[in-house]
Amino acid sequence: ELLFLVLPGKMLRQVGASLSGVLGGLLGGTCGIGAGVFNIPMLTTFFKLTQHQAHGTCSAATLLTGLIGSTSFYMTGNGSVDVPSAALMTIAAMISAPIAAKRAQNIAGKKLLYVLTGLLGSTVPVVLLSRPLDAEKIHSEEMEIEKKFMVPLEGNLIIQEHSVPLATSISTEAVPVRKTMLTSITNGVGIASLGAFTGVLSGAFGVGGGFIMVPIISAFSGDHQLALGTSLCAMVGPSLMSLRTHTRLGNVVRGISLPLALGSAVGVYLGTKAAINMTDKEQRLWFCIVMTAVTCRNVVAARR
């Protein structure tokens, strides 16, 4: 905190913004959330921005967090991005985000902080109570699929139709093996509704909405890493719309926004690498710890 309290010059402010972006990006990459959840309190407390300025200034950082984070999860995390679902959420969010950004202009900053704090606190029990995928069940299903590719011959000899076993012929590192949640109209409506709601969060609060998407996708799919990657992917579109709207409204402080965004890009890349090396249980626990800490921080800020 001392670093941010002694930022008399423009260069030191930019250095402080970059460091804040790195920390926010690290949390974004490991938790699947936008950098704004961490950076907005930093900007209002240490850089003395208004709540609306902080929301607008964080939009660029949230944009890069989502873009770089989701790409990293898809390329190195075994395809841990549900692209069809993320695309649908993005379309819905891009419609709602600019509307919310304009409406938020008429809401007091304190009220925005109260709402954001309440939403953050509600995510912890959802993640704690959701059940992860059953690894043994997945393995048994894979074995059943492999058996379908085997045909009996004379005697007890069994060979496969394919020249190589299914389980070993495909590299899970090279080919994404995740399934999409977009399997029915009902699911599609639910996913679109989630996207529209996260667009409201992005427009009103300058955050990516990941702290809502991650718990819901994690609970629905049972795969927390898939939730992280999909959440980051889905926040790209609404963050872009939010940045455009807040720029027009004059809420983006350019001298802080650029170093903040660049720092977030570095942080989220490192964060996704760390998250991929965690177990599902560790990812869930870390998410809950971060959300609890940010919620407590916002409660203290709201009482000032």
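How many disulfides does the structure hold?

1. The structure holds zero disulfides, a disulfide being a pair of cysteine sulfur atoms within 2.5 Å. C288 is in no disulfide, and the nearest cysteine sulfur, which belongs to C31, is 9.2 Å away. C288 is buried, with a relative accessible area of 4%, whereas C296 is partly exposed at 45%; here buried means under 20% relative accessible area, exposed means over 50%, and partly exposed lies in between, with a 1.4 Å probe and protein chains only.

2. A word on the basis of these values: this is a predicted model, in which local features need pLDDT of at least 70 and side-chain atom pairs count only at pLDDT 80 or more, while totals for chains, interfaces and linings use all residues. Residues are numbered from 1 along each chain as its sequence is written, and side-chain values use heavy atoms, with hydrogens and water left out.

3. The chain has 14 helices and two strands, which are DSSP runs numbered from the N terminus (H or I of at least four residues for helices, E of at least two for strands). Of the 304 residues in the chain, 49% are buried. Among contacts (heavy atoms within 4.5 Å) with a separation of 6 or more, 80% come from residues 24 or more positions apart.

4. Helix α4 (residues 51-76) and helix α13 (residues 254-276) have axes that come within 8 Å and cross at roughly 25°, where axes are lines fitted to C-alpha atoms, for helices over the stretch in contact, and angles run from 0 to 180 degrees between N-to-C directions. The two helices α4 and α13 are therefore roughly parallel to each other, a term for angles under 35 degrees. The residues of their contact divide into 15 nonpolar, eight polar and one charged; Ala, Val, Leu, Ile, Met, Phe, Trp, Tyr, Cys and Pro count as nonpolar, Asp, Glu, Lys and Arg as charged, and the others, Gly among them, as polar.

5. K48 sits in the loop between α3 (36-46) and α4, and has a positive phi of about 60° although it is not a glycine. Most residues other than glycine have a negative phi. K48 is exposed, with a relative accessible area of 65%.

Note on methods: Parallel < 35°, antiparallel > 145°, perpendicular 65-115°, else oblique.
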